[in-house]
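Let's walk through this model together, one piece at a time. Please keep the sequence and the 3D view at hand as you read.

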Amino acid sequence: MSTTPQPTLAEVREWPATCSVRKAALAIGCSPTHLAALIRRGEAPVKTIPLGTSRRQLVITADLVRLLSGEDREAA
């Protein structure tokens, strides 16, 4: 089990424009493996962008903030 505390919404708002899947998963409260699987299946609750030609994805922090604050995705 991770000893890293879950960041607050205020802390996430201070993050750069994008963040790693691992960091986003910590904020959401799920495992990085689970979030990565959701991303691969196109079912992620946050928007991501691919990084280069690799399978690596970056999570858009503004969309993560939207999710954590309970905003409706269609309204955004």
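What follows begins with the sheet, moves on to the helices, and ends with the cysteines.

A word on the ground rules: this is a predicted model, in which local features need pLDDT of at least 70, side-chain atom pairs count only at pLDDT 80 or more, and totals for chains, interfaces and linings use all residues. Residues are numbered from 1 along each chain as its sequence is written, and side-chain values use heavy atoms, with hydrogens and water left out.

Start with the sheet. Helices (H or I, at least four residues) and strands (E, at least two) are DSSP runs, numbered from the N terminus. Two strands are said to pair if DSSP finds at least two bridges between them. Here, three strands make an open sheet with the order β1-β3-β2, and their pairing is antiparallel. β1 (18–20) and β2 (48–50) are at the edges with a single partner strand each, so one side of each has no neighbour in the sheet. On average, neighbouring strands of this sheet are turned by 40 degrees against each other, direction ignored. For angles like this, axes are lines fitted to C-alpha atoms, for helices over the stretch in contact, and angles run from 0 to 180 degrees between N-to-C directions. As a reminder, strands of a sheet pair through backbone hydrogen bonds, either parallel or antiparallel.

Now look at the two pairings in turn. β1 and β3 are joined in the antiparallel sense by three bridges, and there Thr18 stands opposite Ile60 in β3. The hairpin of β2 and β3 has six residues between the strands, and in it Gly52 takes a positive phi near 65 degrees.

Which residues does Leu58 touch, not counting those up to four places away in sequence? They are Thr18, Cys19, Ser20, Lys47, Thr48, Ile49 and Leu51, where contact means heavy atoms within 4.5 Å. Leu58 sits in strand β3, and 40 residues along the chain separate it from Thr18, yet their C-alpha atoms are 5.9 Å apart. With 14% relative accessibility, Leu58 counts as buried; that word means under 20% relative accessible area, while exposed means over 50% and partly exposed is in between (1.4 Å probe, protein chains only).

The buried residues of α4 are Thr61, Asp63, Leu64, Val65 and Arg66, and they pack against α1 (9–13), β1, α2 and β3. Thr61 of helix α4 is buried at 4% relative accessibility. Leaving aside neighbours within four places in sequence, Thr61 is in contact with Val12, Trp15, Pro16, Ala17, Thr18 and Cys19. Just after α4, Gly70 has a positive phi of about 80 degrees.

Turn next to helix α2 (residues 21–28) and helix α3 (residues 32–40), whose axes come within 8 Å and cross at roughly 110 degrees. That makes α2 roughly perpendicular to α3, a label for angles of 65 to 115 degrees; under 35 is roughly parallel, over 145 roughly antiparallel, and the rest oblique. From α2, the contact uses Val21, Arg22, Ala24, Ala25 and Ile28, and from α3, Pro32, Leu35, Ala36 and Ile39. These residues divide into eight nonpolar, no polar and one charged. In this scheme Ala, Val, Leu, Ile, Met, Phe, Trp, Tyr, Cys and Pro are nonpolar, Asp, Glu, Lys and Arg are charged, and the others, Gly among them, are polar.

Finally, the cysteines. How many disulfides does a search of the whole structure find? The search finds zero, with a disulfide taken as a pair of cysteine sulfur atoms within 2.5 Å. The sulfur of Cys30 is 11 Å from the closest cysteine sulfur, in Cys19, which is too far for a bond. Cys19 is buried, with a relative accessible area of 5%, whereas Cys30 is partly exposed at 22%.
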